[in-house]
Amino acid sequence: MNTTHEFDEFRATLDSLETALNTPIVAGELADWTQVVGEAWSGAAEQVSRQIEDIHPRQFDEMADADPEMLSRVETLRTEDKEIAQERDAFHRHLARVIEHAPKFERDEEKIKSHTTALIEAGLALIQRIRKQEVALQTWFVEAFQRDRGVAD
């Protein structure tokens, strides 16, 4: 399970990425914007990977052990983590392409605008999906340990 500090750090990295993505691209500063987004992504990607590759699997195992009736819920959460990992990797590739090509379009940023807009939308959607998964996992984790299973004889 995450410590409070670890979870706060995780949320802070997502907040930093969200802020970077939502920061308007000022004319002539596309390369600077991509650098800020890239740095925010670096921290967020590391934290997301840690969650889905280290912390979540342990939580899933604890949930399954505590309440075997939750196995289908655990599998749904595992599947979502796999899909988030794929989306994370796709976002990483997209960001790398935009960072690579941004200097070429510094004088005519309109030519790359559709790519930056798509990057922003993909990044914000990924953040939302990650946050939704964290809330779902925490909800079901608590439920696995506190669920009323009826009166025992």
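Guide: Here, Lys and Arg count as positive and Asp and Glu as negative, while His and the chain ends are not counted. This is a predicted model, where local features need pLDDT of at least 70, side-chain atom pairs count only at pLDDT 80 or more, and totals for chains, interfaces and linings use all residues. Residues are numbered from 1 along each chain as its sequence is written, and side-chain values use heavy atoms, leaving out hydrogens and water.

Visitor: How far apart are the mean positions of the positive and negative charges of the chain?

Guide: Each charge is placed at NZ of Lys, CZ of Arg, CG of Asp or CD of Glu. The chain has 18 positive and 32 negative charges, and the distance between their mean positions is 5 Å.

Visitor: In which helix is confidence highest?

Guide: Confidence means pLDDT, the predictor's score for each residue from 0 to 100. The chain averages 91. Helices are DSSP runs of H or I with at least four residues, strands runs of E with at least two, numbered from the N terminus. Helix α1 (residues 4-22) is lowest, at a mean of 92, while the highest, at 96, is α3.

Visitor: Is Arg88 buried or exposed?

Guide: Arg88 sits in helix α3 (residues 71-101). Beyond its neighbours within four places in sequence, Arg88 has contacts (heavy atoms within 4.5 Å) with residues including Trp41, Ile52 and Leu126. Buried means under 20% relative accessible area, exposed over 50%, and partly exposed in between, using a 1.4 Å probe and protein chains only. At 9% relative accessibility, Arg88 therefore counts as buried.
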